[in-house]
Amino acid sequence: MRRDVFWLYYVLLVIAQLLLTNYLRVSPYLVFTILPALVLCISIRVGCVGAMLIAFATGITVDFLSEGVIGLNTLALLPVAYFRNGIIRLVFGTELFARSEDFSVQRNGFAQTVLALLLSYALFLAVYVWIDSAGVRPLLFNVIRFTVSLGASLLVSLLTLGLLAPDPRR
């Protein structure tokens, strides 16, 4: 995919995340987020530091323009950016790095892509729920919030993969 189209979709999906955060408050148990999917889909040609800078800018933008704790999304998104290459290596192998190509659902498989998303979301939500609770919410509430948010966000992120990780053969 051309880089300018990717970044256009990236910005549009950050705006969609802002709309989700500001206007879709279903339950205190549910956090809808597509931010880990956005960071995971950044080209592997962008190094770890570049991905962390992009994640920081994305997270701080969402934090400032939506309700909530300033820095919460940023703090939860930075570990995803830091471990992004490790997650990609673990799930897809080193072949993508050797060929310097990005992953796609069609080329790498649906199950592997969902596993990579699952790991990214689990890392994001573990930090997010832990920091957001600030030690004052019961463990059962946090476990339920983590589980419900993981399932719902994973389903929503599958819709974004068509835009951010398309079939390279097209």
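Trainee: Which helix is Q106 found in?
Mentor: Q106 is found in helix α7, where helices are DSSP runs of H or I with at least four residues, strands are runs of E with at least two, and both are numbered from the N terminus. This is a predicted model, so local features need pLDDT of at least 70 and side-chain atom pairs count only at pLDDT 80 or more, whereas totals for chains, interfaces and linings use all residues. Residues are numbered from 1 along each chain as its sequence is written, and side-chain values use heavy atoms, with hydrogens and water left out.

Trainee: Where is confidence lowest in the protein chain, and where is it highest?
Mentor: Confidence (pLDDT, the predictor's value for each residue, from 0 to 100) is lowest in helix α7, residues 105-108, with a mean of 75, and highest in α4, with 94. The mean pLDDT of the protein chain is 86, and 94% of its residues reach 70 or more. Where pLDDT is low, the predicted coordinates should not be read in detail.

Trainee: New topic: how many salt bridges does the count come to?
Mentor: The count comes to two, taking a salt bridge as a side-chain nitrogen of Lys or Arg within 4 Å of a carboxyl oxygen of Asp or Glu. D132 forms one with R137, with the closest N and O atoms 3.8 Å apart, and D132 also meets R145 in a salt bridge, at 2.6 Å from N to O. D132 lies in helix α8 (residues 110-133) and R145 in helix α9 (residues 139-164), so this pair ties together parts that are 13 residues apart in sequence. Through shared partners, the salt bridges join D132, R137 and R145 into one network.

Trainee: Is R145 buried or exposed?
Mentor: R145 counts as buried, at 4% relative accessibility, whereas D132 is partly exposed at 24% and R137 is partly exposed at 34%.

Trainee: Which residues have the most contacts inside the largest nonpolar core?
Mentor: Those are L38 and V39, in a core of 41 residues; a nonpolar core is a set of buried Ala, Val, Leu, Ile, Met, Phe, Trp, Tyr and Cys residues joined through side-chain atoms within 4.5 Å. Helix α8 gives the most to this core, with seven residues. L38 touches Y10, L13, V14 and L164, again not counting residues up to four places away in sequence.

Trainee: Last one, is Y23 buried or exposed?
Mentor: Y23, which is found in helix α1, counts as exposed at 67% relative accessibility.

How values were computed. Buried < 20%, exposed > 50% of the residue type's maximum accessible area, 1.4 Å probe, protein only. Contact = heavy atoms within 4.5 Å.
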